[in-house]
Amino acid sequence: MMIDPRRTAVLALHWQVNVIKPEGFFGAMLSEPVLRSGVVEQATRFHDRARAAGLPIVFTRFTVPEGEGGLVRNTGFMNAVGEAQESFRPEAPGAQLIPEMAELGERDRVVDNQKLSGLAGNALPEWLAEQEIDTLLVTGVATNLTVEQTARHGTDLGFTVHVVADCVTAAENAAHEASLTNLDLVTRGCLTSKNALARLSGHASD
């Protein structure tokens with residue numbers, strides 16, 4: 001099945017210092033498995049090639065503005081970031097995109113929110129609709145958290161969603177693999193970056 005690059009965007013979820021780097025808020029949990037997986041290098045290459053193919057790249061950041069914005073402390077995760085919200089201020093070092101992805105192309109957007117889904121609590125779904133985008137390729141960390149939440153949400157909103165399986169990872173490999181298995185069922189299916197790019201270029205055989 002081919003993917004029309006004119007109607008497709010990449011959602012790049014939580015590629016920020018707080019999630020990816022050792023000094024970040026979630027660094028103790030995620031930085032080592034992220035480093036071991038090589039996912040930053042893989043996703044950076046994929047973003048670059050998707051950008052060159054004309055796709056918009058939309059980065060989402062989890063931030064907490066003064067007054068907490070749309071944050072609702074109804075889970076342990078949301079309560080934890082609420083208690084540490086100074087680390088998540090939009091201007092805080094931990095809230096910034098990682099250096100490997102900070103040099104944005106002309107087509108790139110950065111969208112902030114206070115929800116686990118990158119499509120919740122912001123105007124991103126409306127913007128995608130205005131651009132006539134109906135297909136989403138999802139990268140990010142962690143697979144079983146923002147990636148799965150966003151992919152399920154996007155599917156419910158009517159988008160065709162593919163998670164790019166080698167451009168996501170989680171704290172535990174078992175959780176990562178279980179999440180990918182779930183996502184194969186509840187989205188249009190997971191793809192490798194190689195297969196996603198082939199489908200975009202018209203070279204895929206299925």
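Predicted model: local features only at pLDDT ≥ 70, side-chain atom pairs only at ≥ 80, totals over all residues.
What covers the buried residues of helix α8?

The protein contains 8 helices and 5 strands. Along the sequence, these elements follow the pattern β-α-α-α-β-α-β-α-β-α-β-α-α. The C-alpha atoms fill a box of roughly 50 × 35 × 30 Å along the principal axes. A compact globule of 206 residues would have a radius of gyration near 17 Å, and the value for the protein, 16 Å, agrees with this.

Burial and contacts were considered next. Of the 206 residues, 52% are buried. Contacts between residues at least 6 apart in sequence were also examined, and 77% of them join residues at least 24 apart. The accessible surface comes to about 9400 Å². Carbon and sulfur atoms account for 50% of that surface. The side chains include 17 positive and 26 negative ones. The centres of these two sets lie 5 Å apart.

Valine 10 gives a local view. This residue is found in strand β1. Its relative accessible area is 0%, and buried means under 20%, so valine 10 counts as buried. Which residues are in contact with valine 10, leaving aside its neighbours within four places in sequence? They are Phe46, His47, Ala50, Leu55, Pro56, Ile57, Val58, Leu137 and Thr139. Phe46, His47 and Ala50 fall within the span of helix α3, residues 39-52. Leu137 and Thr139 fall within the span of strand β4, residues 135-141.

Helix α8 spans residues 193-201. Its buried residues are Ser193, Ala196, Leu197, Arg199 and Leu200. Seen down the helix axis, these residues fall within an arc of 160°, so they line one face of α8. An α-helix has 3.6 residues a turn, so residues three or four places apart point the same way.

The cover over this buried face can now be named. It includes strand β1 (8-13), helix α3 (39-52), strand β4 (135-141) and strand β5 (160-169). Strand β1, one of these elements, is the strand that holds valine 10. Just after α8, glycine 202 takes a positive phi of about 85°.

Key. Residues numbered from 1 in each chain as written. Heavy atoms only, no water. Buried < 20%, exposed > 50% of the residue type's maximum accessible area, 1.4 Å probe, protein only. Helix = DSSP H or I, 4+ residues; strand = E, 2+ residues; numbered from the N terminus. Arc of directions from axis to C-beta. Contact = heavy atoms within 4.5 Å. Rg over C-alpha atoms; globule rule 2.2 N^0.38 Å. Areas by Shrake-Rupley, 256 points an atom, 1.4 Å probe, with all protein chains shown as cover. Lys, Arg positive; Asp, Glu negative; His and termini not counted. Charge placed at Lys NZ, Arg CZ, Asp CG, Glu CD.
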